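Here is a short briefing on one protein and its ligand. Look at the sequence and the structure first, then read the points below.

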Amino acid sequence: MHVPKVLKIKKILTESKSVKTFIFDWNFNDSLLKPEPGQFMMIWNFEDEKPMSISKIDFENNEIGISIKNIGSFTNALHQLNNGDKVGIRGPYGHGFEFNDFKKILAIGGGIGMAPIASFTEFAIKNNLDVDVISAATTSNELLYEDRLNDAGANVFTCTDDGSCGFKGFATHRMEDLLQNNVYDLIVTCGPEIMMKGVVELANKHNISVQISMERWMKCALGVCGQCCVDDSGWRICKEGPVFWADDLNNIKEFAKYKRDSSGIRNYY
Ligand SMILES: Cc1cc2nc3c(=O)[nH]c(=O)nc-3n(C[C@H](O)[C@H](O)[C@H](O)COP(=O)(O)OP(=O)(O)OC[C@H]3O[C@@H](n4cnc5c(N)ncnc54)[C@H](O)[C@@H]3O)c2cc1C
Ligand code: FES
C-alpha cells in the first residue's frame, strides 16, 4: 500500500464548477487496500504528490473515486487529465469515521469537505443507518453530490452562503434548525475549520457525539516526517487522524486557530 500503484483514469465526472471526480478500478480483495470512509490516498502526478480523501467506495463495481477541487498548480494539472491518463496512488491512510452502534446520523460537509462525507454517507446507509446530510457551499454551482446522495437514500439539505440554492446561510444555521426537530446520536463533519468549530460547539450543547475530519500539510502520510503534527500534543494528522472525536480537540489546541505551511510556519485563520 505504500508503493504507488500507477492506475489509468477510468472515468471523470464533472461535479461542480471547480470539482471533478476521478474514478479508478480498485482491488478490494487485498485487505491492506480496503479503504474506510474518512481515509485518504496520496495522489502522484509524477511531479508532485498530495493527500486526497476517498469520495467514493464502490464495492460492487470495484471502483474508488477521488474528487479534486481545482485551487492551485497541482490540482489544476490533475484537472487537465483525460480518461486513460495515468496517476500514481498510494494508500489508504489514516483513521476513518466510526459509526457502529449509532442509528441516526447528521453528516455535515462544507465545500470539498463533502468528499469524505459522500463516501461515509453511502457506506452508513448500506449498513442500515439513517443519514441526514447538510451539504454546504458558497453558491449553487459549487454544491456537490446532491443527486447521488438522494439516490443512496439520504435526506439532503443544501445550503448556500448566497441563497442561490436551498437554505441561505451557513451549515451551522441549518444544523440548528434540524436539531430542533430531529434526534441524532452522531454528527460527522468535514469542511473549513471555522465551520467545524461551530458544529462541535452546537453538538456539545445538544450532548451529541461528534467526529471531525481535519487537514494539515502532508508529505509522507506515513507518520514519519512530522510535517502534519499539531500543537500541542504532536499528534500526526496522517496517522492519528484525519478523523478525530470532539474530545480529542483538547489535544489539538491549534484547531480553528492556525495551521502550518510546508516550512512549518503558522498561518492563522
Ligand atoms: C487528509 C486530507 C484530505 C484531503 N482531501 C482532499 C480532497 O478530497 N479533495 C481536494 O481537492 N483536496 C483535498 N485535500 C487538500 C489537498 O491536498 C490540497 O488542497 C491540494 O493539495 C492543493 O494543491 P494545489 O497545488 O493545487 O494548491 P496549492 O496552491 O499548492 O495549495 C493550496 C492549499 O492547499 C493546501 N495544501 C497544499 N499542499 C498540501 C499538502 N501536501 N498537504 C496538505 N495540504 C496541502 C494548503 O492549505 C495550501 O495553502 C486534502 C488534504 C488532506 C490533508
Ligand atoms: S505527513 Fe509525514 S508524519 Fe504526517
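Helices and strands here are DSSP runs, numbered from the N terminus; a helix has at least four residues and a strand at least two. With that numbering, strand 5 gives the most to the shell around ligand 1, with 4 residues. Keep in mind that this is a predicted model.

**Domains**

**Where domain 2 touches domain 3**
- Here, 11 residues of domain 2 are in contact with 9 residues of domain 3.
- On the domain 2 side, helix 5 (193-205) and strand 14 (209-213) each supply at least two residues.
- Helix 5 gives the most to this side, with 6 residues.
- By type, this side of domain 2 has 6 nonpolar, 3 polar and 2 charged residues.

**Around ligand 1**
- Ligand 1 is surrounded by 21 residues.
- The closest are K50, S53, G72, F74 and T75.
- Strand 5 (49-53), strand 7 (63-69) and helix 1 (73-79) are the elements that give two or more residues to this shell.
- Which domains each give at least three residues to the shell? They are domain 1 (5-93) and domain 3 (215-269).
- The shell residues divide by type into 11 nonpolar, 6 polar and 4 charged.

Conventions: Residues numbered from 1 in each chain as written. Chains lettered and ligands numbered in written order. Predicted model: local features only at pLDDT ≥ 70, side-chain atom pairs only at ≥ 80, totals over all residues. Contact = placed C-beta atoms within 7 Å. Nonpolar A, V, L, I, M, F, W, Y, C, P; charged D, E, K, R; others polar. Near = placed C-beta within 6 Å. Domains from an automatic or database assignment.
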